[in-house]
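Colleague: Could you show me the model and walk me through how its chains meet?

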Amino acid sequence: MTRGVIIFWCAFLLLIVADYASLGHPRREPAPFALGSDRPFVGGHCSGR
Amino acid sequence: VAGILATTWFAGLRAGFLLILGLGFGAALSAARFGFTTGWRDLLQHKDPWGMTGQMVLIALCAVLAFPLLVNHSDDIVGAVSPITWSLLIGALVFGFSMQLADGCGSGTLYKAGASSPISWVVLPAFIFGSFLGAAHQPAWVALGGPLEMAGLQAKAAPIDLIDEFGQQTALMLTLALCVLISVVSFLVAIRYTRRTGKSLPKIPQRWFWGAAFIALLYAAHLIVAGQPWGIVYGLGLWGAKIVSVLGVDLSQNAFWGAWPHNDRLHEPLLWDVTSVTNIGLLYGALIASRWNLRRFESKPWPAASTLLISIAAGLLMGYSSRLAFGCNVGAYLGGVASGSLHGWVWFVFAFIGSIYGVKARTKAAIT
């Protein structure tokens, strides 16, 4: 089972890195907290927004 | 620590904080073995009321913490408020049924996969593909309208926000009263069963209650950091959409994935997506928590092939239906109720009815 866990996490991390690299290493820095930022988050919730 | 630093470096401080919160969710869910599926099944099968009561404590605490934030900071924090549509009713019913067969809801599947449960390892990919497909079809399902629209009570299926309707205090009292009512009914069911059978009431497992308290604190922190309630299935659907895109499928014309803001998410790194980052943290947090109990961690065997096949089908159904229902137990049920949205309670009723049949099907299929 431990070998399975290692394979799972290596594959998972590889996919995240590949995803990031394929988009040309973009960077952004939103406000650390949404509270007080005066900018509601749009898009990316199950409720359909 | 390296993962948190890397996420912060590439996606900003907010993503770093969200990863930490995800780790907390995973550790709390795994360490407390806090499961919506098990709580409902314990009540239905063994007349054990404590899982359901623990969930109600969680929902009540989240509502107490979230309502003031939603009311006083509406410029930067939004709740999970969705309309009561046919898709919600059907989706919740199917989700409740299938989560019993898959032995895990949205959060349950993720934390069990993180904690290395073989069943959840096969359910998760099916859940991801189902979420992607369900999201792709969601606009068509939502266009069917809803029962209130059909009855002439609404011109168009629209969200019913209890905070807007009754004000913060009354909405909170209503929410807390419903939580108490459901806990009392669960307790009465258990008492009736013990009187009939002569068995004693199961002992109160403390894990349900400290788990609820810890998860509620994380829920409030997530609201402050992300500006939206904790969610799970949007991220899973996004993972599926990215995989399908890489395989050459053009989603630019799809009514969901081709439309703003979801097409933006599709062309941004996963680390910029709130639900994806908390999901990644949740998976790893569950692994860490499960490692504390090494014997339990090592003793999970692979189930029979028939159980695996049923679980894969259930995972697919769960993913698809959760997108019709505006989320799973976390995004729609917990997030909806703790946002004052009536759709959260409707989700609960229909998912619970689905679970009644799911538990029966589980027994018939001899899934242990």
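Modeller: Lys242(B) pairs with Asp19(A) in a salt bridge (side-chain nitrogen of Lys or Arg within 4 Å of a carboxyl oxygen of Asp or Glu). This is a predicted model, where local features need pLDDT of at least 70, side-chain atom pairs count only at pLDDT 80 or more, and totals for chains, interfaces and linings use all residues. Residues are numbered from 1 along each chain as written, chains are lettered from A and ligands numbered from 1 in written order, and side-chain values use heavy atoms, leaving out hydrogens and water.

Colleague: How far apart are the closest N and O atoms of Lys242(B) and Asp19(A)?

Modeller: The rule finds one salt bridge across the interface of chain B and chain A. In it, the closest N and O atoms of Lys242(B) and Asp19(A) are apart by 2.8 Å.

Colleague: Which helix gives the most to the side of chain B that touches chain A?

Modeller: Helices here are DSSP runs of H or I, at least four residues, numbered from the N terminus. Several supply at least two residues each, among them α2 (13-32) and α12 (233-246) of chain B. With seven residues, the top contributor is α14(B).

Colleague: How much area do chain B and chain A bury between them?

Modeller: Buried area is the accessible area (1.4 Å probe) lost by two parts on being put together, summed over both. Carbon and sulfur atoms hold 65% of it, and the total is about 4,100 Å².

Colleague: Is Ile353(B) buried, partly exposed or exposed?

Modeller: Ile353(B) sits in helix α18 of chain B. Buried means under 20% relative accessible area and exposed over 50%, with a 1.4 Å probe and protein chains only. Its relative accessibility is 36%, so Ile353(B) is partly exposed.
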